Amino acid sequence: PTGALTVRDDTNKVLWALADPEVTTVIQVAPAVRVAWAESFGLTPKQASTGRMVAALKRIGFDYVFDTNFAADLTIMEEGTEFLERVKNGGTLPLFTSCCPGWVRFLKTQYPGYTEYLSTAKSPQQMFGAVAKSYFAEKAGVDPHKMFVVSIMPCSAKKYESELPAMRSACSDPDVDVVLTTREMC
């Protein structure tokens, strides 16, 4: 049937969080989104600055705006540590890694024998959510249970990833509450 395979639109969840004065809203933006967002507004590459995008997100009402690049650096450090531990202790090699949940799911379902080679580190999106609701919440003096973390990602598979049971903090809150695609952001 026509339209049977469409991406779920989660913008209303975000709008409800933005409207709630008791909720601290935090948004992270993937690197690819920094350029793609401006296409729908007809902005030139010069006009499509990161600063303009951040200003727009702040005007919409987000309390904090972050770049997912920070979490990508954390992920690299985790994966490097995991690799060194495997080498040092005779662990399973090689070490595969991907921040693409579609690829990871493909490997686990179609080639389950290779699952032991996957890194156990979370993707940058998920690592950011975990850090936001732990370290950042503490530093900002915010109750992590009243923090709403939004990701703007170029791929709809990130919605699936954020809903996996393993992507929850120790207090059972999701690391990332909602994932919006670039199209939903615009």
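**Exercise 1.** Find which residues Ala-132 touches, not counting residues up to four places away in sequence.

*Solution.* Ala-132 touches Ala-137, Met-147 and Val-149 once residues up to four places away in sequence are left out, where contact means heavy atoms within 4.5 Å. This is a predicted model, in which local features need pLDDT of at least 70, side-chain atom pairs count only at pLDDT 80 or more, and totals for chains, interfaces and linings use all residues. Residues are numbered from 1 along each chain as its sequence is written, and side-chain values use heavy atoms, with hydrogens and water left out.

**Exercise 2.** Decide whether Ala-132 is buried or exposed.

*Solution.* Ala-132 lies in helix H6, helices being DSSP runs of H or I with at least four residues, numbered from the N terminus. Its relative accessible area is 2%, and buried means under 20%, exposed over 50% and partly exposed in between, with a 1.4 Å probe and protein chains only; therefore Ala-132 is buried.

**Exercise 3.** Describe how H4 and H6 pack.

*Solution.* The axes of H4 and H6 (residues 124-140) are 8 Å apart, at an angle of about 100°; axes are lines fitted to C-alpha atoms, for helices over the stretch in contact, and angles run from 0 to 180 degrees between N-to-C directions. H4 is therefore roughly perpendicular to H6, a term that covers 65 to 115 degrees. Among the residues that meet are Leu-74 and Glu-78 in H4, and Met-127 and Phe-128 in H6.

**Exercise 4.** Locate the cis peptide bond that involves Pro-94.

*Solution.* The bond joins Leu-93 and Pro-94, with omega about 5°, and Pro-94 is in the loop between helix H4 (69-88) and helix H5 (101-110).

Definitions and conventions:
Helix = DSSP H or I, 4+ residues; strand = E, 2+ residues; numbered from the N terminus. Parallel < 35°, antiparallel > 145°, perpendicular 65-115°, else oblique.
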